[in-house]
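Work through the exercises below with the structure at hand. Each task is followed by a worked solution.

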Amino acid sequence: QKNITDFPAGFLWGGATAANQIEGAWNIDGKGLSTAEVVQKAQNRKAVSMGDVTQATLAVALADKSDVNYPKRRGIDFYHRYKEDIALFAEMGFKVFRFSIAWTRIFPTGEEKTPNEAGLKFYDDVLAELAKYDIEPLITLSHYEMPIALTQKYNGWAGRQTIAAFNQFTEVVLKRYQGKVKYWLTFNEINTGTWGFHETGAIDKALSEDEQLQIRYQALHHQFVASAIATKQLREIDPTAKMGCMLARMQTYPGTPNPVDVRAAQFENEKNFFFTDVQARGEYPNYMNRYFNEHNIIIDMAQDDETVIATYPVDFISFSYYMTNITKEKMDADAVGNMVVGGRNPYLKESDWGWQIDPIGLRITLNTMWDRYQKPLFIVENGIGALDKLDNGKIHDEYRIDYLRQHIEQMREAIVDGVDLMGYTMWGPIDLISFSTSEMSKRYGFIYVDQDDDGQGSLKRIRKDSFYWYKKVIATNGKEL
Ligand code: BG6
């Protein structure tokens, strides 16, 4: 009889980032322009800027060669400061560091015949630095960006040609870093990626909702195929390494016990699990085939697509967890809760950005996903974006410690329930550019970065109170929270 009482030995504690939110150095060493680098800062804090790129704003962005209006061009200069940053992660005792490879550093327009050596060399150097401290890399192959050239030629993932371009890139990096990386992820938050400009180009808003859905689900299908091909490549290149998928997990609760609302919530959860159902179980679930029929969506598949998806499911399932939602069969008009559509839950508090905080929801998520898939799980993002204040050179961020403590407590509960959880990479261990709003002032980190929303500041790194707290959490393998 197993008696699990705590975090297992070897639990992978660490932090997670993405190339376009930290690296900067957008136009040097042969790098091509990525979709993230034409996105301006959101006009207000609760707006989302990723989807705002239109043909008109794109033309302005392409003509603009500075980083003033495009925060993801400057990041936090990790490209030149990675040694200092990794040393700080090591000081906290990180066992794992999640980052992504910028496709445009390796293939600037996506379709060159040979890769850009300077780009490959940068990640060699990052990996060597991590190895120095025994920090395992966890690499995302595609994190919310792609060569802009591919969106111009093929509408990004909407075009089937993008599969070949992507798998040329994945083959190169899987081979180059073979033996140095045990854990890979294909697409970050695959359920949201094709919903934005960053992966599907600017979709004509004049199209009907179903026509837009058609484009997005077709683009997604191409990602499913590309993800399975990358998994096949990894099996051949390094059979000991593991490939994971990555979902923005959005647990939806029924707004009332009325069975019609319970059913509405069940369907919302199915629509969220659809992505991992395909990537972990290897086939399209029938509830989605039915949804496609009802919305006149026809997925154009090549002959081998279903076989490759069925033959190369992922080894483990990773996900981000920030919030939960509620839904009803008929939503009240004023009930919009989080930044995504969903009702406000009266039992929960929210962050400064209106994201509702729900630690118990994390245990519910973990137990539900383990029951559904029986594959190892990995929490690769979780955290709170907050406005930090410098106080005599220090940042007293007890709100961040509280948030993380409560979530880690629930992780432990799930582990004791029997969930196989590989690790936890908290989002943004060092302050970085926000994905959704491109602000700098939405800070997640244990490490403060002296830069404001306009890019002003010394870029100096400062340890926050939470830095020392997380160090203790890791040192005691989660015993002292
Ligand atoms: C996830 C993304 O959606 O959430 C990250 O994978 C992102 O890229 C994170 O940064 C937090 O979102 P935001 O908008 O607060 O940066």
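A crossing is left-handed if the near helix is turned anticlockwise from the far one by less than a right angle, and right-handed if clockwise. Helices (H or I, at least four residues) and strands (E, at least two) are DSSP runs, numbered from the N terminus. The model is predicted: local features need pLDDT of at least 70 and side-chain atom pairs pLDDT 80 or more, while totals for chains, interfaces and linings use all residues. Numbering starts from 1 along each chain as its sequence is written.

**Exercise 1.** Describe how α8 packs on α11.

Step 1. Axes are lines fitted to C-alpha atoms, for helices over the stretch in contact, and angles run from 0 to 180 degrees between N-to-C directions. Helix α8 (residues 161–176) meets helix α11 (residues 209–237) at about 25°, and their axes are 9 Å apart.

Step 2. Angles under 35 degrees count as roughly parallel, over 145 as roughly antiparallel, 65 to 115 as roughly perpendicular and the rest as oblique. The angle therefore makes α8 roughly parallel to α11.

Step 3. α8 and α11 cross in the right-handed sense.

Step 4. Contact requires C-beta atoms, placed from the backbone, within 7 Å. Among the residues in contact are Ile163, Phe166 and Leu174 of α8 and Val225, Ile229 and Leu234 of α11.

Step 5. Ala, Val, Leu, Ile, Met, Phe, Trp, Tyr, Cys and Pro count as nonpolar, Asp, Glu, Lys and Arg as charged, and the others, Gly among them, as polar. The contact of α8 with α11 has nine nonpolar, five polar and two charged residues.

**Exercise 2.** In which order do the eight strands close into a barrel?

Step 1. Two strands pair if DSSP finds at least two bridges between them. The order is β1-β2-β3-β4-β5-β7-β11-β12, with parallel pairing.

Step 2. On average, neighbouring strands of this sheet are turned by 25° against each other, direction ignored.

Step 3. Strands β11 (residues 377–381) and β12 (residues 421–427) pair over three bridges in the parallel sense.

Step 4. α16 packs on the sheet, where α16 touches β11 and β12, and its direction makes about 170° with that of β12.

Technical notes:
Two residues are in contact if their C-beta atoms, placed from the backbone, lie within 7 Å.
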